[in-house]
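Open the model in your viewer and keep the selection panel at hand. The stops below go from strands to surface to loop to helix.

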Amino acid sequence: MTKINIITGSIGSGKSTVAQILRDKNFIVYDTDQMVHDLYEKPRMIEKIRKEFGEQVINKNQIDRKALGEIVFNSKEKMRTLENIVHPDIIDMLESVIRDFSGDLLFVEMPQFFEIEEKIRQSLPIGEVWLVILDQDTQIQRVMERDHMNYHEAKKRLKSQWPNERKVHHSDQLLYNNGSINDLEKTIGNILNGEKYESD
């Protein structure tokens, strides 16, 4: 039976780097952010978002992701609303992936796994949860540089997600990403060879 290992972590933690290292090792890795991006291209999803959030998040009949982000990252209620719209489709897409996949293990990069963990576990055969973490100052700096945000915007994005202190107790493997890519590759190799990286 196919198992799904989850790659998760807060914004700017290095999830995509972990995913790419695994792809380089010939593992199949799906990215739920890309799935959401694809969903946002569908007319029915555009209409759902328009109906819930208004014309302010629509630009040239496409979802304005930046405008939508400014709304949901400033309101937990709006974030839950968006999640309730999007996540059922994501789960359906992953169930379809499982049906068509013939291997034993695949990985899914899912930033908000913990927020919907119960629904995910009810629907999908979850194996291990890999949490990518690093110190907050480095994380904020990475988000500022990557997404062209100021300090307060980056910190607000972090605060909208579960804190690492809470996530570590729900994870099977902890991947500390304060070092180099070579360090991260070594950690991943060790985990794949059976080592365990847990909280103390």
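How many bridges join strand β1 to β6, and do the two run parallel or antiparallel? Select residues 3–8 for strand β1: 4 bridges join β1 to β6, and the two strands run parallel. Helices (H or I, at least four residues) and strands (E, at least two) are DSSP runs, numbered from the N terminus. Two strands pair if DSSP finds at least two bridges between them.

This is a predicted model, in which local features need pLDDT of at least 70 and side-chain atom pairs count only at pLDDT 80 or more, while totals for chains, interfaces and linings use all residues. Residues are numbered from 1 along each chain as its sequence is written, and side-chain values use heavy atoms, with hydrogens and water left out.

**Strand β6**

Next, select residues 126–133, which make up β6. Of its 8 residues, 6 are buried (under 20% relative accessible area; exposed is over 50%, partly exposed in between, with a 1.4 Å probe and protein chains only).

**The positive patch**

Now select K76, R80, K155 and K159, which form a positive surface patch. Helices α5 (76–100) and α8 (151–159) are the elements that give two or more residues to the patch. Patch residues have over 30% relative accessible area and no salt bridge, and like charges are joined within 9 Å. A salt bridge here is a side-chain nitrogen of Lys or Arg within 4 Å of a carboxyl oxygen of Asp or Glu. Zoom in on K76, found in helix α5: K76 is exposed, with a relative accessible area of 64%.

**The loop between β3 and β4**

Move to K60, in the loop between β3 (58–59) and β4 (62–63). Its phi is near 55°, a positive value in a residue other than glycine. K60 counts as exposed because its relative accessibility is 78%. N61 lies in the loop between β3 and β4 too, and has a positive phi of about 65° although it is not a glycine. N61 is partly exposed, at 44% relative accessible area.

**Helix α7**

Finish with residues 136–147, helix α7, and pick V143 within it. Is V143 buried or exposed? V143 counts as buried because its relative accessibility is 0%. Draw a distance from the C-alpha atom of V143 to that of L158: the two are separated by 9.4 Å and lie 15 residues apart along the chain.

Notes:
Patches are made of residues with over 30% relative accessible area and no salt bridge: like charges are joined within 9 Å, nonpolar side chains (Val, Leu, Ile, Met, Phe, Trp, Tyr) within 5 Å. Accessible areas come from the Shrake-Rupley method with a 1.4 Å probe; for residues, only the protein chains shown count as cover. Lys and Arg count as positive and Asp and Glu as negative; His and the chain ends are not counted. The place of a charge is taken as NZ of Lys, CZ of Arg, CG of Asp or CD of Glu.
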